[in-house]
Amino acid sequence: MKRRDFVKNSVLTTPGVFFVHSVLGNANPVLKTDNVDELFEGFQNPPVDSRLFVRWWWNGNRLEKQEILRELDVMKVAGIGGVEINPIAFPGDTDPVGVKALTIFEDDWLDMLQTALQGAKDRGMVCDMIVGSGWPFGGEFLKKKEQSQMVTIETIDLEGGKNYHFKVNELLERVDPGLHSKNKTVYKDLLMARMLPKNSNEFTEGEDLMSSMSDQELSVSVPEGSYVLYYVVKLTGYMAVINGAPGAAGPVLNHYSKAATEDYLNRISGFINGKIGNMGDYIRAMFCDSMELEGANWNDDLPSEFEKRRGYSLLPYLPFVLKKVGHMGNPLNEEYGTKFPGEVTEVIKRVDLDFYHTRIELFKERFIDTFNDWCHKNNVKSRMQAYGRGMHPLEASMEIDIPECETWLFKDVGREYPDTGLTGRAPRMCNKYVSSGAVLAGKKLVSCEEITNTAMAFMATLENIKIAGDQSNISGVNHSILHGFNYSPPGAVFPGWIRYGAYFNEQNTWWPHFRKWGDYKARISYLLQNATPQANVAILQPLTDLWLKMGPQRDPFPQKWYPEYQNNLWEAVHQNGGGCDYISENIIKRSAFEKGRMVYNSRSYHTLLLPEIETLDPETTKSLVAFANAGGKIVFIGKKPFKSPAYKNGENSDARVKRIVNDLLNLPGGNVIEYPSPQGDVIGWYGKLQAELGLAPYARFNKTHKFLSQSSYRAGENPLFFIANTSLSEHISVKADFEVPAGLYPWTWDPETGEKKIYPTDGSRNKLNLELPRATSMLIVFERSSRGKKLQPFDFKREGKELPGTWQLQLNHINGKTQQMKLGSLIDLVENSKTRDFAGDIIYEKTVAIDSHKYEYLDLGDVQGISELTINGEYIGTKWYGAHIFHVKNALKKGENKISVKLTTITGNYLKSLADNKVAQNWTRHQGYTSMGIIGPVRIIQDR
């Protein structure tokens with residue numbers, strides 16, 4: 001059907017059901033939070049479980065009781081609400097300053113754990129705890145049968161007419177994947193050896209050579225022509241725990257073994273319960289970190305499980321569905337083995353997909369379900385990063401009590417934002433899967449390992465961190481676990497024991513201001529935890545096609561994705577004022593269809609987007625027919641599905657999918673269409689689609705911007721919007737038309753101060769002019785009340801008068817040194833060789849003659865750092881992000897005024913100068929200098 005016909009016909013779907021503005025705006029059932037005043041009280045003083053948590057790295061288990069309690073006090077004062085106890089390997093090139101390394105779960109270590117758990121409880125803080133140490137967990141104590149297994153292949157080209165004799169041990173030695181974290185002891189077993197022609201016009205298993213093995217030697221007689229030796233090797237215990245602490249390093253657990261998983265978990269609970277009693281009295285959740293299993297794909301019963309579940313044998317195809325792998329289990333990008341024609345390759349890919357589905361099922365049943373059961377048996381919740389190879393990125397999170405994703409901080413965040421890809425995005429590709437799975441399953445918390453920072457540690461400003469955190473919230477996160485807080489005693493050599501992180505540490509220059517961001521995040525988290533995210537558009541990502549074309553990917557850092565805009569479609573929906581969830585084929589098949597909507601639990605959608613999907617299960621297409629017949633909108637973007645993923649009865653299933661999809665596109669009513677793929681500007685493309693299809697957004701912006709996004713929520717009858725400009729340099733001015741019920745009025749709830757004010761409208765209660773300086777966000781909540789203190793927005797178009805004269809600077813370095821200097825004009829201090837390596841506080845001062853008492857604002861212009869303004873000895877305020885504009889109407893006087901600005905810098909530039917400090921150099925030598933200082937211009941601005 002043509003788009004113009006679709007638009008013309010899509011207003012009317014099933015008889016009596018109209019897609020009009022008021023219907024589309026009310027997507028999902030909402031929480032029963034009818035008392036907005038009670039909600040605001042919680043917003044003003046958020047509870048501990050809404051505050052920031054931290055991953056508390058117990059570096060090398062070098063622990064002392066008094067230091068544990070001291071650090072809990074430091075975190076408590078900083079407004080941190082909870083900790084995740086995380087024993088981890090001691091960082092390299094670091095002086096332990098004589099503190100003894102303890103072994104996890106031994107008596108002296110358990111004493112430390114008890115101290116931490118009781119200390120947190122005494123302070124009203126929440127405790128989570130990682131399972132074991134490092135990731136994925138394991139330990140030196142694991143038996144061979146409990147260690148992770150991978151089957152992989154090696155190939156050797158063979159010349160025709162020759163005889164070969166291969167020693168088995170030499171064949172096994174050739175199989176040595178270039179993994180990130182190799183274990184010292186690896187058990188290798190030859191499972192299969194076959195000879196195949198180098199080229200084959202049809203599928204062949206090849207000649208089984210295992211019977212040709214004698215005295216640990218494989219003999220091969222090659223016929224004339226070119227042939228290939230395939231051999232399959234099982235590696236057991238091949239991977240070591242990444243950064244495992246003493247007592248929990250060594251080989252990784254076999255997550256495909258239920259018995260091994262149960263024994264491992266019961267060992268842990270036995271130690272903890274034996275020391276403290278009921279785990280649930282002290283621990284909220286047990287945490288499972290990144291599933292970076294580096295190619296784990298096997299348990300000894302997998303072939304029989306495959307045949308039982310899929311209805312045919314895996315073994316004829318095993319050498320061809322396996323891959324040679326390297327770092328993090330990623331397949332090697334090289335050609336090898338027999339070349340088959342395209343139709344045979346297609347069949348092998350479908351077998352490979354069945355192999356993957358079998359592993360997903362086994363991982364869920366044997367690890368995820370076992371982990372959940374163990375947690376609940378011990379009266380704690382499960383928390384897990386349930387994505388990566390071996391898990392469905394959406395459905396696995398639905399099983400977890402507190403599903404978790406990841407938001408990273410990179411140099412490009414806030415600076416770049418290309419049309420497609422992940423550059424400039426702090427949330428990883430997994431975030432939308434996890435947050436969607438959480439809401440589909442009715443979870444309250446969407447947890448996130450947040451501000452993971454390996455690229456610009458020590459260089460991050462609070463403004464950088466805020467931007468990343470705001471993007472995280474837009475992706476659906478409402479519970480932040482910072483990455484992280486290092487256990488580091490005061491006696492440690494500066495900058496301390498640093499495992500990872502953005503230097504959340506009391507020695508950081510901006511640590512005294514950390515709570516400002518912490519309070520900001522806590523209020524946002526509280527509000528989002530007690531509201532329902534709105535979504536009326538569902539997106540079915542082409543995971544099956546991705547897996548068939550490119551193989552399963554490593555999350556959160558996939559090597560490939562499909563289509564190119566895979567991660568950007570949900571962004572564009574939100575950037576155009578809408579809301580969406582990811583769904584899966586299983587969700588579609590389990591949904592109900594009524595009154596123009598697809599309904600799953602409490603979620604419902606009027607539109608389903610299918611980007612570039614070629615492959616669908618026939619049962620999914622049947623459900624699409626039911627959705628369309630109920631009046632739902634279906635949009636095939638770029639392609640229409642034409643095949644199934646089935647190996648068995650594949651041709652019949654393909655024909656069935658193709659027929660049903662074609663029938664869908666010919667249904668009367670015009671609510672199923674094909675729509676062209678985006679070419680470049682995904683935001684603009686989706687805006688056009690939204691308009692042409694009559695999809696009413698929750699907020700309609702008069703113009704879009706790549707750095708502007710929003711998420712819409714409902715708390716009882718009250719719509720609320722979190723809107724963020726995540727640029728580090730650009731100011732965004734827009735007009736927004738909010739789709740809200742009659743009788744509600746806009747208020748701003750300020751997450752910095754906990755105050756709220758009525759937002760001025762442009763002649764209509766739901767049409768607002770929004771001014772968002774760099775790195776600035778706002779919460780708009782619509783309430784029934786229209787009385788209260790009114791917001792007085794700053795007019796950024798107002799011109800000001802630049803302050804003349806020289807600035808006197810006093811630089812108070814964190815190393816204890818002080819320095820005086822004068823600046824005739826303001827500069828970026830990294831451009832001056834005398835100040836480039838500075839870290840600490842800088843006092844900018846000047847005395848200026850003011851010709852009038854009518855000046856209302858002082859604008860510091862471009863500021864790189866945190867500014868605290870004092871005028872004539874009176875403290876005015878602090879700005880740590882965005883526009884550094886201060887209200888000074890009652891502070892400036894006619895005549896002479898002493899203006900003083902305290903500027904707090906980052907720490908990293910100084911660390912770059914510490915040539916003999918290995919820790920400092922390890923973190924900063926590959927980083928450039930970061931801007932700092934008041935760059936200006938500094939202006940005073942009169943009353944209107």
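Predicted model: local features only at pLDDT ≥ 70, side-chain atom pairs only at ≥ 80, totals over all residues.
Helix α5 comprises residues 107-122. Its 16 residues should span 22 Å at 1.5 Å a residue, and the end C-alpha atoms are 22 Å apart, which agrees with that expectation. Residues of α5 that are buried include W109, L110, M112 and L113, and T115, A116, L117, G119 and A120 are buried as well. The elements that cover these buried residues include the strands β1 (53-59), β2 (82-88) and β3 (126-130), together with the helices α4 and α7.

Two packed helices are described by the angle between their axes and the distance between the axes. For α5 and helix α4 (residues 65-77), the axes come within 9 Å and cross at roughly 25°. Angles under 35 degrees count as roughly parallel, and α4 and α5 are therefore roughly parallel to each other. Their crossing is right-handed. On the α4 side, the contact is made by K65, I68, L69 and L72, and on the α5 side by D111, M112, T115, A116, G119 and A120. M112, T115, A116, G119 and A120, which take part in the contact with α4, are among the buried residues of α5.

Helix α7 (residues 258-276) also packs against α5, with axes that come within 10 Å and cross at roughly 65°. This crossing, too, is right-handed. Here L110, D111, L113, Q114 and L117 of α5 meet F271, I272, K275 and I276 of α7. The residues of this contact divide into 6 nonpolar, 1 polar and 2 charged. D111 of α5 takes part in the contact with α4 and also in that with α7.

Backbone geometry was examined next. Most residues other than glycine have a negative phi, and most peptide bonds are trans. In the loop between β2 and α5, D93 has a positive phi near 55°. With 46% relative accessibility, D93 counts as partly exposed. F105 is placed in the loop between β2 and α5 and has a positive phi of about 75°, although it is not a glycine. At 5% relative accessibility, F105 counts as buried. Just after α5, the glycine G124 takes a positive phi of about 70°.

The bond from W135 to P136 is cis, with omega near -25°, and P136 is located in the loop between β3 and β4 (149-159). The bond that joins D555 and P556 is likewise cis, with omega about 10°; P556 lies in the loop between α15 (543-550) and α16 (569-575).

Two strand residues complete the description. D189 is located in strand β6 (residues 187-197) and, at 28% relative accessibility, counts as partly exposed. The C-alpha atoms of D189 and V232 are separated by 8.5 Å, although these residues are 43 residues apart along the chain. Beyond residues up to four places away in sequence, D189 touches K144, L172, V232, V233 and K234. S777 is located in strand β32 (residues 777-783) and counts as buried, at 11% relative accessibility. From C-alpha to C-alpha, S777 and F722 are 7.3 Å apart in space while 55 residues apart in sequence. Residues up to four places away in sequence aside, S777 touches K466, D470, Y520, F722, I723, A724 and L772.

Technical notes. Residues numbered from 1 in each chain as written. Heavy atoms only, no water. Axes fitted to C-alpha atoms, helices over the stretch in contact; angles between N-to-C directions. Helix = DSSP H or I, 4+ residues; strand = E, 2+ residues; numbered from the N terminus. Parallel < 35°, antiparallel > 145°, perpendicular 65-115°, else oblique. Left-handed = near helix turned anticlockwise from the far one by under 90°. Contact = heavy atoms within 4.5 Å. Nonpolar A, V, L, I, M, F, W, Y, C, P; charged D, E, K, R; others polar. Expected span 1.5 Å × (residues − 1). Buried < 20%, exposed > 50% of the residue type's maximum accessible area, 1.4 Å probe, protein only.
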